[in-house]
Amino acid sequence: MTAEAAIRVQGLQKSFKDLHVLKGVDFDVARGSIFALLGSNGAGKTTVVKILSTLLKADAGTASVHGFDVAARPGDVRESISLTGQFAAVDEVLSGRENLVLVARLRHLKNPGAIADDLLARFSLSEAGGRKASTYSGGMRRRLDIAMSLIGNPPIIFLDEPTTGLDPQARIEVWQTVKSLADAGTTVLLTTQYLDEAEQLADRIAILHKGTIIQNGSLAELKQLLPAAKVEYVEKQPTLEEVFLTLVGDDGTNDADDDRDRGPVPAGKESR
Amino acid sequence: MTTHVLGDTGVLTGRSLRHILRSPDTIITTAVTPIALMLLFVYVLGGAINTGSDESYVNYMLPGILLITIASGIAYTAYRLFLDLQGGIFERFQSMPIARSSVLWAHVLTSLVANLLSVAIVIGVALIMGFRTGASVAAWLAVAGILILFTLALTWLAVIAGLSAKTVDGASAFSYPLIFLPFISSAFVPTDTMPGPVAWFAENQPVTSIVDTIRALFAQEPVGGDIWIALAWCVGILVISYGFAIAIYRRKMN
């Protein structure tokens, strides 16, 4: 099983009434790699993720996750994955710690309290752990969301547009978290509409357009296809971001916002 | 997976009970309207109402008030379920290795606890207002059993509303007709004072048989055939709305 791909998708089709969202999607994701599904809004990225995480059933085609067919063995698939959906899936009424304990209990793990404290520390949320999640900033909420997904150390993690709506600092924190996950051997499938995100993170990038994968390869391979357009876009974008981060980053660290009170793991480039 | 149904339901029920604990206003708002109605009917209108019995008016109308309490309380279940669906938390639960039905059962059990608390508050106020009963422990248990069955039946109806609503308002609006149903029943006035078609409706809708049963239990009178009609209504609504709720839930997952 180890030699097999972590995720294998073949001929996947899905329609919602008259809308043919997926028209035969094929791709493989290698174990321990970061795979980006790139596409504009409405391209069907979320539909693919929902089928792979057993929230939706495909009309045709097969998909297997961690060696288990999603249609035939959804229970085994759920044991092997974690989903971080498009909207931060945290319970707003509960505190950050209670959210983590809840997921640890639902995963039937021992010592849910210790697991929660450990993750709060890893994601620099220890201080905010006792506060209601509704008081968290967007970046903190996303960190908590991802921390909840790591409970039980699932071998495969789906991140559906993990940085949509986040400010640049929070975005970099999420990127660093994703990278450290992959370094630890977790397979990550992420969807994004941001080209630079795919460029920063992914070992392989597949472009989903109008219901099919129109390109699938490493960044270098994709760049060879359309060098001019790619380079122009990618080079312009980071410049403004760099300016912003330089301006905000240096004196911004003392902000009252807990969001910026970061610890060892998802640290930005500035030190505390 | 089924081995965890109870444990998972317990954990998730704990979660939604915490929601109630942190916003106890939902229990209080549920109790406020019935209490206001009770004050209005007992101290303003009640004096002019001839119930044809020797019972004090508060004794007469309390059963109907309890049903109104439950009918308004279950709207919060639809509301909470709708919010879970709107946020991503529902999908997170669905993608985890937990028993899927436990997500719904947790909301249903929470509804039961919350409604029983509201009902207890309303009964407490009724006692202050002069409600008295010599009902035996067995009669009280029978009343509790009917109220629990009624709550479960309406809660599964609320689950349907919560699962299929498109807006927050839609999720709770379905309960308004249920809140008004007791007014066209024997809850506040005897049905024989109503004009023919209205009386026919009042006598043959679920609330009247349930109200009459609870009233008889409190008054230590024989419940007669009413209790069976009442139970049939409750179980019937429960089974049908449970069936629909589960069907909608399954379809939503595909």
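## Reading burial, helix packing and the chain contact

Biologist: Helix α1 (residues 45-52) of chain A is mostly covered, with eight of its eight residues buried. What makes a residue buried or exposed?

Modeller: A residue is buried if 20 or more other C-beta atoms lie within 10 Å of its own, exposed if 12 or fewer, and partly exposed in between, with C-beta atoms placed from the backbone. Helices (H or I, at least four residues) and strands (E, at least two) are DSSP runs, numbered from the N terminus. In α1(A), the buried residues are Lys45(A), Thr46(A), Thr47(A), Val48(A), Val49(A), Lys50(A), Ile51(A) and Leu52(A). Just after this helix, Thr54(A) has a positive phi of about 65 degrees.

Biologist: Before going on, what kind of model is this?

Modeller: It is a predicted model, in which local features need pLDDT of at least 70 and side-chain atom pairs count only at pLDDT 80 or more, while totals for chains, interfaces and linings use all residues. Residues are numbered from 1 along each chain as its sequence is written, and chains are lettered from A and ligands numbered from 1 in the order in which they are written.

Biologist: How many helices and strands does chain A have?

Modeller: Chain A has nine helices and ten strands. Of its 272 residues, 46% count as buried. Contacts tell you about the fold too: two residues are in contact if their C-beta atoms, placed from the backbone, lie within 7 Å. Among contacts in chain A with a separation of 6 or more, 68% are between residues 24 or more positions apart.

Biologist: How do I read a pair of packed helices, and at what angle do α3(A) and α5(A) cross?

Modeller: Two packed helices are described by the angle between their axes and the distance between the axes. Axes are lines fitted to C-alpha atoms, for helices over the stretch in contact, and angles run from 0 to 180 degrees between N-to-C directions. Helix α3 (residues 96-106) and helix α5 (residues 138-150) of chain A have axes that come within 9 Å and cross at roughly 20 degrees. That makes α3(A) roughly parallel to α5(A); angles under 35 degrees count as roughly parallel, over 145 as roughly antiparallel, 65 to 115 as roughly perpendicular and the rest as oblique.

Biologist: Which residues of α3(A) and α5(A) meet?

Modeller: From α3(A) come Gly96(A), Asn99(A), Leu100(A) and Val103(A), and they meet Leu144(A), Ala147(A) and Met148(A) of α5(A). By class, this contact has five nonpolar, two polar and no charged residues. Here Ala, Val, Leu, Ile, Met, Phe, Trp, Tyr, Cys and Pro count as nonpolar, Asp, Glu, Lys and Arg as charged, and the others, Gly among them, as polar.

Biologist: What covers the buried residues of α5(A)?

Modeller: The cover includes β6 (81-84), α3, α4 (112-122), β7 (156-160) and α6 (168-183) of chain A. Twelve of the 13 residues of α5(A) are buried, so this helix is largely enclosed by the rest of the structure. Its length can be checked as well: the expected span is 1.5 Å times one less than the number of residues. The 13 residues of α5(A) should span 18 Å, and the end C-alpha atoms are 19 Å apart, which agrees. Just after α5(A), Gly152(A) takes a positive phi of about 85 degrees.

Biologist: Why does Arg171(A) count as buried?

Modeller: Arg171(A) counts as buried because it has 22 C-beta neighbours inside 10 Å. Arg171(A) lies in helix α6 of chain A. Not counting residues up to four places away in sequence, Arg171(A) touches Thr163(A) and Leu166(A).

Biologist: How do α3(A) and α4(A) pack?

Modeller: Their axes are 8 Å apart, at an angle of about 130 degrees. α3(A) and α4(A) are therefore oblique to each other. Eight nonpolar, two polar and two charged residues form this contact.

Biologist: And in chain B, at what angle do α7(B) and α12(B) cross?

Modeller: Helix α7 (residues 137-164) and helix α12 (residues 226-252) of chain B cross at roughly 25 degrees, with axes that come within 8 Å. That makes α7(B) roughly parallel to α12(B). Their contact divides into 20 nonpolar, two polar and one charged.

Biologist: Finally, how many residues does each chain give to the contact between chain A and chain B?

Modeller: Chain B gives 20 residues and chain A gives 23 residues. On the side of chain B that touches chain A, the largest share, six residues, comes from α1(B). That side of chain B divides into seven nonpolar, seven polar and six charged residues.
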